[in-house]
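I am opening my notebook on a new structure. I will look up a few things one by one and write down what I find.

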Amino acid sequence: MISKIGRFWLFLVFIIPSVLCALFVLYHLLFNRTLRQGLYNHVVAVLLCLGLFSELTNYIWMMVYYQRGPIWYRSNAFCAVWGFADWALYVTYTILLAWATVERHILVFHDRWVSTKRKRFFLHYCPIIFLLCYCFGFYIVVYFIPPCMNEFSPWLSICISTVCIFDNYAFSMYELVVHQFLPFPVIVVFNILLIVRVVWQKKSMNQRFQWRKYRKMIIQMLSISFLYIILYFPFLVVSICNLLNVTSDIFNDVLSYTTFITYFIFPLFPFVCALSLSDLRSKLLQIFHLQRNVRQLGPLTLTVREKYPTMVR
């Protein structure tokens, strides 16, 4: 088991650069006209906002808990907000990512479907707005206005011990299948189909221009999907085993580790976004190149001063 102090430092090491990178990427996605007009960047910007909000709330609260432990008094209202920030944001991210993999086929292979403002509104903006409203509305009911009484415990990191509405078998199975299990195969299948369709189109049509035109969209989606798949898949396997009543001491340790690993999806997401967008990658390289030149300029200026003191002020 990873100790609480170990978890605290792992989060701290990742969260600080992740927040800075998320702000950097969001700034360019929102204020760079070319990036802002790209439809494929809109859902990425929403995912970045979800991750950034979670890092500034849920992750910070977890780090405080890892330092202070159960002696940290938290009201029931705060625990409800924390539960919402932890689970609702994560599920919303997952469902939006699943939709993004589907939408990427439309943007790459059926761009005429979003060629007018009316089409873009119904096929691009409406699904994002609907999914946000659905997920937030669903978990507002779960955590804030349930038809029963949630139970709270200060001994737990996220201090809701029982979400009472999940005692309803039909409701809990719906949430489990639709919100947790179903998005994963959607993400995997539609990414595989994206690769297959791109390879098939390049070979059958021999249209190199089309690949160059849609390369950014394809690489971006494959990159952020791979991050999610590689970090979520172990937890998914263990969760399925849990449903099959596979229990042991080792199994409980594995469940704890795989759950903890999923918390790195949000901190790593901004870096994947920055590296998958060539425009932002170039800007980052320019920043580092400029800093390197500044470091080299200092000793060079000193050398010139020493050799020609009357020529340099």
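**Entry: a loop residue**

I started with Trp-72, which sits in the loop between H3 and H4. The model I am reading is predicted. Is Trp-72 buried or exposed? Its relative accessibility is 12%, so Trp-72 counts as buried, since the cut-off for buried is under 20%. I then looked at Trp-72 together with Ser-157. In sequence the two are 85 residues apart. In space their C-alpha atoms are 9.9 Å apart.

**Entry: the whole chain**

Next I stepped back. How many helices and strands does the chain have? I noted eleven helices and two strands. Along the sequence I read the pattern α-α-α-α-α-β-β-α-α-α-α-α-α. I also looked up burial for the chain. It has 313 residues, and 43% of them are buried.

I went to Val-142 in helix H5, which covers residues 117–143. Val-142 has 0% relative accessibility, so it counts as buried. Val-142 and Phe-166 are separated by 24 residues in sequence. From C-alpha to C-alpha, Val-142 and Phe-166 are 8.5 Å apart.

Val-186 came next. I found it in helix H7, residues 183–205. How does Val-186 count at 22% relative accessibility? It counts as partly exposed, because that class lies between the 20% and 50% cut-offs.

Then I checked Ser-276, in helix H10, residues 265–276. Ser-276 has 7% relative accessibility and therefore counts as buried. A polar atom of the Ser-276 side chain lies 3.0 Å from the backbone oxygen of Cys-273.

**Entry: His-105 and Arg-197**

I looked for His-105 and found it in helix H4. With 5% relative accessibility, His-105 counts as buried. Which side chain does His-105 join in a polar contact of 3.2 Å? It is the side chain of Arg-197.

**Entry: aromatic rings**

I looked up the aromatic pairs and noted 36 of them in the structure. One of them is formed by Phe-260 and Phe-264. Their ring centres are 5.3 Å apart, with 85 degrees between the planes. The pair is edge-to-face. Phe-260 and Phe-264 are both buried.

**Entry: the largest pocket**

Now I turned to empty space. Rolling a probe the size of a water molecule over the atoms shows where such space is left. I noted a volume of about 1,400 Å³ for the largest pocket. Which of its 41 lining residues are the closest to its centre? They are Asp-86, Trp-87, Ile-158, Thr-259 and Tyr-263. I listed the elements that give two or more residues to this lining: helices H1 (4–31), H3 (42–68), H4 (76–109), H6 (169–181), H8 (208–243) and H9 (249–262), and strand E2 (160–162). H6 gives the most, with six residues. I sorted the lining by class as well. It has 23 nonpolar, 14 polar and four charged residues.

**Entry: the cavities**

How many cavities of 30 Å³ or more are there? The count comes to two. I looked at the second largest cavity, with a volume of about 30 Å³. Its lining is made of Trp-87, Tyr-90, Thr-94, His-179, Gln-180, Tyr-228, Tyr-232 and Phe-235. H4, H6 and H8 are the elements that give two or more residues to this lining. By class, I noted five nonpolar, three polar and no charged residues.

Methods. Residues numbered from 1 in each chain as written. Predicted model: local features only at pLDDT ≥ 70, side-chain atom pairs only at ≥ 80, totals over all residues. Heavy atoms only, no water. 1 Å grid on protein atoms, 1.4 Å probe; cavity = no way out; pocket = protein on both sides within 12 Å on 5 of 7 lines; lining within 4 Å. Points joined across faces, edges and corners; volume = space filled by probe spheres on them. Helix = DSSP H or I, 4+ residues; strand = E, 2+ residues; numbered from the N terminus. Nonpolar A, V, L, I, M, F, W, Y, C, P; charged D, E, K, R; others polar. Phe/Tyr/Trp six-rings, centres within 6.5 Å; stacked < 30°, edge-to-face > 60°. Buried < 20%, exposed > 50% of the residue type's maximum accessible area, 1.4 Å probe, protein only. Polar contact = N/O pair within 3.5 Å; in protein donor to acceptor, adjacent residues only side chain to side chain.
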